[in-house]
Amino acid sequence: MRASHAAYAGDDTGVYVSGRARGGLGDADSLTPRMRRRRAFTLVLLTLLVPGSAQLVAGRRGLGRFALRVWASLAALAVLVAVVFMLSQSLAIGMLGRGWVLTVLQWLLAGFAVLWAVLFVDAWRLGRPATLLLTTRRWLTGVTAALLVVTSGGLVYAASSVGAGRDAMSALFQGNEAVGAVDGRYNILMLGADSGRDRVGTRPDSIQLVSIDAKTGSAVTFGFSRDTENINFRPGSTMARLMPQGWNCGDECLLNGLYTWAQDNAAKFPPGTANPGVLATREAVEALSGLEVQYYVMIDLRGFKKMVDAVGGLDINVKYRTPIGGGTSPIVGWIEPGEQHLDGFHALWYARSRQGSTNYERMARQRCVMTAMADQLDPQTVLVRFQKIAGASSGLIQTDLPQSELGRFADLAMKTRQHPIRSVNFVPPLMKPWDYDPTLVTSTVQKTIKASERAAAAKGTTPSASTTSKTKTSDGKRRAGPRKPVAQPGTAVQDPNKAAGNAAEDDLSSVCSAAS
């Protein structure tokens with residue numbers, strides 16, 4: 001007994017000091033109860049800090065060395081990803097946005113979760129719980145179980161989130177062909193589709209074109225009223241072939257009605273057309289704006305409230321009292337003026353409410369909701385609520401943006417947040433959607449884009465050049481050349497220069513705004 005105590009003179013931690021290693025972490029036979037307790041907890045904490053180290057000093061060294069190699073490899077991989085992310089966020093997001101990369105990551109996380117759980121159980125065993133006092137044994141078991149849940153359980157949750165994100169992105173980003181910028185800009189058609197029980201078919205109630213500078217990220221949004229009439233399509237387009245006289249039949253031929261018509265006449269479209277309704281609407285917006293649309297994103301308003309709830313709600317500064325209900329249903333409540341935090345139910349009603357509002361006020365509210373979503377959907381929110389967002393987006397969003405372009409557009413989105421977004425709605429008093437001069441629309445689009453580029457340049461960035469354009473021929477290929485607006489019937493309701501200046505400064509302040 002004295003020899004045993006001499007081996008640990010001056011040290012009650014149970015670590016080897018002199019003489020034989022019998023009393024170290026690898027051997028608990030000659031330790032006092034206090035030393036055994038410290039040894040047992042030390043082995044568990046070592047597993048938390050450096051997985052495999054407990055096995056190296058007190059157990060199976062082969063298992064310990066394997067665990068250390070795996071842990072070091074994963075740590076190095078995490079550092080590498082962090083470095084890549086700091087150097088190029090678009091490259092990192094582009095890599096992590098690929099399905100096979102997420103699959104590998106999911107299996108790595110799940111595999112290490114299992115390994116870490118095995119190491120904790122083994123460390124608990126190496127602590128010789130049978131030799132400990134009952135109270136100490138219970139504490140050791142409780143601490144081990146808690147650490148196992150936090151570490152392995154956390155990794156299992158992370159693996160599950162990665163798998164959910166992979167499945168959601170695979171279902172969402174189904175486009176195969178990446179399209180480059182045109183005139184130095186990406187033009188994305190944003191559709192808010194309404195297929196509620198009181199509607200016949202699906203029709204886009206919200207139609208917006210977002211034009212983003214490919215270098216600076218400065219963005220402009222153009223809103224088109226759903227009741228826009230008299231649309232003549234660009235020569236060589238699919239719709240020009242199907243409707244040589246244009247979409248011109250009065251109140252029966254509204255912009256949002258094109259979607260339903262195309263879906264009902266899908267057989268008339270070229271073979272392989274994935275969504276005739278989107279194609280028809282896209283070509284109509286191209287004809288109206290004079291811009292070429294590279295991609296589209298369509299959000300079904302039926303599932304919009306799920307997405308709002310998934311991100312934790314939206315902060316909106318409401319300017320006018322907005323009813324919940326109305327029309328064919330009774331008013332059951334109100335969204336009051338002021339800064340409001342809206343959950344999915346109230347955000348959807350705020351975007352869709354018709355009672356006492358014009359279509360144009362409703363358009364403005366929808367655009368305000370979309371702006372609030374873009375402002376508040378920051379990387380931290382996505383990270384914390386990733387699994388909920390991935391689940392809510394399933395079946396809610398359609399797009400032809402390919403998964404390979406995710407990194408590029410994530411980078412653009414972050415740049416866009418650094419600039420004010422200019423907005424124009426082609427509604428009264430700027431123009432009458434049923435009686436207008438098409439050159440007013442195209443000239444307003446170009447002037448607003450130029451103003452956005454000048455503002456970006458003033459902040460110290462260089463806008464993309466806009467010297468040449470590319471259009472589509474009837475065979476679907478692009479050719480270089482100047483763009484000419486398509487003539488459409490109608491008359492301007494006010495001076496184009498004055499209208500463009502007013503529209504470019506529109507910030508929805510009279511209707512609503514995203515709360516700061």
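Tutor: Let us begin with a definition. A residue is called buried under 20% relative accessible area, exposed over 50%, and partly exposed in between. Please keep in mind that this is a predicted model.

Student: Is leucine 96 buried, exposed or partly exposed by that rule?

Tutor: Leucine 96 has a relative accessibility of 35%, so it counts as partly exposed. This leucine 96 is found in helix α5.

Student: Which residues make the nonpolar surface patch of about 810 Å²?

Tutor: Leu96 is one of them, and the patch also includes Leu77, Met95, Trp100 and Leu108. Two or more residues of the patch come from each of α4 (61-87), α5 (89-96) and α6 (99-126).

Student: What may be said of the protein chain as a whole?

Tutor: The protein chain contains 18 helices and 14 strands. Of its 516 residues, 47% are buried. Among contacts between residues at least 6 apart in sequence, 69% join residues at least 24 apart.

Student: Where do nonpolar side chains tend to be in soluble globular proteins?

Tutor: In such proteins, nonpolar side chains tend to be buried together. In this model, the largest nonpolar core has 55 residues, and among those with the most contacts inside it are Phe304, Ile316, Tyr350 and Phe409. Helix α6 gives the most to this core, with eight residues. There is also a second, separate core of 38 residues, which includes Trp247, Leu255, Ala262 and Val441.

Student: By what is a pair of aromatic rings described?

Tutor: A pair is described by the distance of the centres and the angle of the planes. The count for this model comes to eight aromatic pairs. In one of these, phenylalanine 224 and phenylalanine 426 lie 5.2 Å apart, centre to centre, with 25° between the planes. Planes under 30 degrees apart count as stacked, so the pair of phenylalanine 224 and phenylalanine 426 is stacked.

Student: Which parts of the chain does this pair link?

Tutor: The pair links distant parts: phenylalanine 224 belongs to strand β4 (residues 219-224) and phenylalanine 426 to strand β11 (residues 422-426), 202 residues apart. Phenylalanine 224 has a relative accessible area of 3% and is therefore buried. Phenylalanine 426, at 1%, is buried as well.

Student: Which residues do ring pairs link into a cluster?

Tutor: Phe112, Trp116 and Phe120 are linked in this way.

Methods: Residues are numbered from 1 along each chain as its sequence is written. This is a predicted model: local features need pLDDT of at least 70, side-chain atom pairs count only at pLDDT 80 or more; totals for chains, interfaces and linings use all residues. Side-chain values use heavy atoms; hydrogens and water are left out. Helices (H or I, at least four residues) and strands (E, at least two) are DSSP runs, numbered from the N terminus. Buried means under 20% relative accessible area, exposed over 50%, partly exposed in between (1.4 Å probe, protein chains only). Contact means heavy atoms within 4.5 Å. Patches are made of residues with over 30% relative accessible area and no salt bridge: like charges are joined within 9 Å, nonpolar side chains (Val, Leu, Ile, Met, Phe, Trp, Tyr) within 5 Å. Accessible areas come from the Shrake-Rupley method with a 1.4 Å probe; for residues, only the protein chains shown count as cover. A salt bridge is a side-chain nitrogen of Lys or Arg within 4 Å of a carboxyl oxygen of Asp or Glu. A nonpolar core is a set of buried Ala, Val, Leu, Ile, Met, Phe, Trp, Tyr and Cys residues joined through side-chain atoms within 4.5 Å. Rings of Phe, Tyr and Trp (its six-membered ring) pair if their centres lie within 6.5 Å; planes under 30 degrees apart count as stacked, over 60 as edge-to-face and the rest as tilted.
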